[in-house]
Amino acid sequence: MTLARTARITAAIGTATLAAAAAFAVPASAAVPIKAGHHGSPVFVQTNSASGNAVVAYDRHADGTLTAAGRYPTGGLGGSLTGSVVDHLASQGSLAYDSEHHLLYAVNAGSNTVTVFAVQGDRLRRTQEVASGGSFPVSVAVHGNTVYVLNALDGGAVQGFVRVGDHLAAVSSWHRGLGLDPAATPQFTHTPGQIAFTPDGSRLVVTTKAATNSIVVFPLGRSGAPAAAPVVNSLPGTVPFGFVFDAAGRLQVTEAGTNSVATFTVARDGRVTPVGSPAATGQAATCWIVRDGRHLYASNAGSNSLSGFHTDSRHGLTPLGDTTTDGGTVDAAVSSDGRYLYAQTGAKGIVDEFRVNRDGSLTEIGSVTVPDAVGGEGIVAL
């Protein structure tokens with residue numbers, strides 16, 4: 001971060017906000033592992049339990065299988081949107097890792113807060129629980145020293161933060177309401193699904209699912225401040241849910257309304273343009289998506305499966321076939337070396353483990369059951 005940008009952000013935050021961030025610091029004694037290891041490639045899974053949210057750490061072994069390493073309470077509560085069954089947050093990105101600063105961000109939907117953990121191997125140290133700037137936070141986006149949180153209820157809102165050490169400081173002027181109908185039902189289909197930065201960090205992307213069937217884009221100023229109003233890209237009937245950016249920088253979006261994956265380019269002014277036709281999965285409730293190099297894997301909660309695709313700048317998406325999972329396939333994560341995929345399944349709180357083969361096919365290698373994680377979402381693999 002340049003000195004000029006640091007000065008602009010510091011002025012925007014204000015001394016009072018920085019002091020408040022420090023006041024929310026959590027003593028080290030508040031985060032005690034049930035077991036501690038020193039493995040460098042862990043997997044973290046959020047329980048989203050309404051009686052007390054937690055992140056469970058797993059060690060990844062050389063063969064890709066997982067062993068429990070510790071349980072870390074967030075200090076907040078999980079939550080459940082009305083109408084949800086296997087996906088209580090109905091979102092993607094509720095657990096986010098900042099690889100540059102080794103921080104993990106977890107939403108506490110039932111407490112309207114976000115917890116910050118410092119990551120040391122498979123160990124977590126809780127440093128802060130901070131107000132999310134809205135109601136029912138469901139997704140977190142990180143780029144450099146800027147963090148944005150997506151709040152799902154009361155019409156939806158995004159709130160921007162600046163990282164200060166291992167804490168977050170809210171910037172009051174970086175709050176934007178989404179103007180969704182707060183009374184629309186059921187909640188799990190009529191609330192926003194995900195927030196993320198474009199790869200260059202210049203725009204903020206939000207999906208609204210069935211609330212408005214739109215991809216909403218906020219151009220960001222040099223300080224990280226969002227435009228006063230977003231660019232709303234309407235996609236009637238598609239129910240845009242989760243998304244990733246592929247190797248070419250294109251936006252790959254799951255469309256739950258058509259059970260397909262659609263490809264878009266995102267212009268600097270925030271307009272999205274479709275590239276080719278959406279690729280149908282032939283499955284039910286296609287809502288989440290993860291990228292592994294040039295391969296994409298979409299989670300189908302209604303079919304208990306993962307649909308694989310190969311991305312190509314000239315030929316679009318080529319289907320790789322479907323892989324069966326445990327019941328209620330939701331969020332997924334890929335290890336940093338690209339060799340393993342881990343899929344959360346919400347029916348029983350199971351994480352399925354897969355080896356990613358060179359042709360993009362998946363081979364099941366095992367599974368673990370995460371305590372108190374039925375309906376849970378949020379997974380990160382290092």
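Strand β17, residues 251-255, pairs with β18 in the antiparallel sense, and 5 bridges join the two. Please keep in mind that this is a predicted model. Across this pairing, L251 stands opposite F264 in β18. The hairpin of β17 and β18 has 4 residues between the strands, and there N259 takes a positive phi near 50°.

Now follow β18 onward to its other partners. With strand β19 (residues 272-274), β18 again pairs in the antiparallel sense, over 3 bridges. Here V266 has V272 in β19 as its bridge partner. The hairpin of β18 and β19 has 5 residues between the strands, and G270 is the residue that takes a positive phi near 100° in it. Strand β20, residues 279-280, also pairs with β18 in the antiparallel sense, over 2 bridges, and S260 stands opposite A280 in β20. In general, strands of a sheet pair through backbone hydrogen bonds, either parallel or antiparallel.

How much of β18 is buried? Of its 7 residues, 6 are buried, so the strand is largely enclosed by the rest of the structure. Is T263 buried or exposed? T263 has a relative accessibility of 8%, and because buried means under 20%, T263 counts as buried. Its side chain makes a polar contact with the side chain of Q252, at 2.7 Å. Leaving aside neighbours within four places in sequence, T263 is in contact with R250, L251, Q252, T273, P274, V275 and L317.

For a contrasting case, turn to P319 in strand β24, residues 316-324. P319 has a relative accessibility of 57% and therefore counts as exposed. Beyond its neighbours within four places in sequence, P319 is in contact with G308 and F309. The C-alpha atoms of P319 and L296 are separated by 9.4 Å, and the two residues are 23 residues apart along the chain.

Strand β2, residues 54-60, pairs with β3 in the antiparallel sense over 7 bridges, and V56 stands opposite R71 in β3.

Finally, let's step back to the whole chain. It has 2 helices and 29 strands, and buried residues make up 57% of its 382 residues. Of the contacts in the chain with a separation of 6 or more, 51% are between residues 24 or more positions apart. The chain exposes about 14,000 Å², and carbon and sulfur atoms supply 54% of that area.

Conventions
Residues numbered from 1 in each chain as written. Predicted model: local features only at pLDDT ≥ 70, side-chain atom pairs only at ≥ 80, totals over all residues. Heavy atoms only, no water. Buried < 20%, exposed > 50% of the residue type's maximum accessible area, 1.4 Å probe, protein only. Contact = heavy atoms within 4.5 Å. Areas by Shrake-Rupley, 256 points an atom, 1.4 Å probe, with all protein chains shown as cover. Pairing = 2+ DSSP bridges. Polar contact = N/O pair within 3.5 Å; in protein donor to acceptor, adjacent residues only side chain to side chain.
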